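Good morning, colleagues. I would like to take you through one model, moving from a helix pair to a chain contact and then to a sheet.

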Amino acid sequence: MSELAAYVSLGFRHITDLEAMDHILFLLALAAIYRPRDWRDSLWVVTAFTVGHSLTLALTVTGALVLPTRVIEFLIPITIVATCVENLVVRDRERALWGGRYRPGLVHGAGFANYLRSLFVDEIALPLFGFNVGIELGQLVVLALAAGVLAVVDRAFALATVRPGGAVLRLRVIAVSGFVALIAARWAMERSPF
Amino acid sequence: MGAIVPLFMALAVHPLHTTLTQLAYRDADRSVEVTVRVFADDFRAVLARDVSDSAAAAYLRSAFTLTDRAGRPLAVVWCGMKRTGDLLWLCLRATAPGGLSGLRVRVALLFDRYEDQINIVQAILEGQRVALLFTRGDASKPLTRPGGAVRTPLLF
């Protein structure tokens, strides 16, 4: 295998591993506000997240940005909670779409950076590029799985409610965002540096 | 919900569990120099905090194997370790008169500690950089150029 393929594989495996549950749940929260027919919008959102993620990963790995690991690991669940709260409060999807969904990506990208910088101390460019491509490909797979989970949730609410349609989407947003926010809030308390 | 939250919490922290092993061929004495980069905290944990030369060498010999084209294991010699920042650099050396190409390698470092451990191997074969990835359960893999075939030894 070429070196590039190895690093792409490393990133892909890392993000699709169940150990990466905070990243997976964050993607679930990002996708929670979209109907199946709005899948293009959810791709744009994940792309915005990717842009932020890539930017910080590059800045941190190259040493241009120095962030303490403890602070990053605390901020990651905080951004997840913030995204869930935004899901619950902001009903206008267009605002949610363009209102800065890249910002959580800025924090999440820094999460991997310290490991990469330590290990590939003498040649960071290729590992960084390949790892990031793998992460983004993995995110697309997770997003597809998230769409499946959300479809099941929708079906359950459609069977349980007398007023399907918009009500089902709202119930789904409340349920998924509330569930993810609860878990992320526990992570934040566990990792608090204060 | 009460049972699910602790489950997710246990899965929440996901550091990158990986090592980097570089194989360099030295024409002068026809040997392979193996340099392994491993995070010091991971290595200390797997060695039960005994990061002495003898303990490190014994563990590395058990987790790293290099065999020739006929499947015979090459004898590896410990050549020391050093620490820089969070990393430990471990060194092994083996005699390989036929060069790197076609040798089989296996790196099982830390598989007994982390389920998501991935070990990377880098080498330069005939001027081309190649890489291998090892995850838990992987057998040894041949060092070949991408798209290249392994040359088996002629029997006759």
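Is the crossing in which α1(A) passes α7(A) left-handed or right-handed? Please keep in mind that this is a predicted model. The crossing of α1(A) with α7(A) is right-handed. Helix α1, residues 3-16 of chain A, packs against helix α7, residues 125-160 of chain A, at an angle of about 40°, and the axes are 6 Å apart. The two helices are therefore oblique to each other. Their contact comprises 14 nonpolar residues, 8 polar and 1 charged.

I turn next to the contact between the chains, which takes 23 residues from chain A and 24 from chain B. On the side of chain A, helices α1, α2, α6 and α8 each supply at least two residues. The largest share, 6 residues, comes from α1(A). By type, that side of chain A divides into 12 nonpolar, 4 polar and 7 charged residues.

Now to the sheet in chain B. It is an open sheet of 6 strands with mixed pairing, in the order β4-β5-β2-β1-β7-β8. Strands β4 and β8 of chain B stand at the edges with a single partner strand each, so one side of each has no neighbour in the sheet. On average, neighbouring strands are turned by 20° against each other, direction ignored.

Helix α1(A) touches β1, β7 and β8 of chain B, and its direction makes about 25° with that of β8(B). Helix α3 of chain B touches β2, β4 and β5 of chain B, and its direction makes about 120° with that of β4(B).

How values were computed. Residues are numbered from 1 along each chain as its sequence is written. Chains are lettered from A and ligands numbered from 1 in the order in which they are written. This is a predicted model: local features need pLDDT of at least 70, side-chain atom pairs count only at pLDDT 80 or more; totals for chains, interfaces and linings use all residues. Axes are lines fitted to C-alpha atoms, for helices over the stretch in contact, and angles run from 0 to 180 degrees between N-to-C directions. Helices (H or I, at least four residues) and strands (E, at least two) are DSSP runs, numbered from the N terminus. Angles under 35 degrees count as roughly parallel, over 145 as roughly antiparallel, 65 to 115 as roughly perpendicular and the rest as oblique. A crossing is left-handed if the near helix is turned anticlockwise from the far one by less than a right angle, and right-handed if clockwise. Ala, Val, Leu, Ile, Met, Phe, Trp, Tyr, Cys and Pro count as nonpolar, Asp, Glu, Lys and Arg as charged, and the others, Gly among them, as polar. Two residues are in contact if their C-beta atoms, placed from the backbone, lie within 7 Å. Two strands pair if DSSP finds at least two bridges between them.
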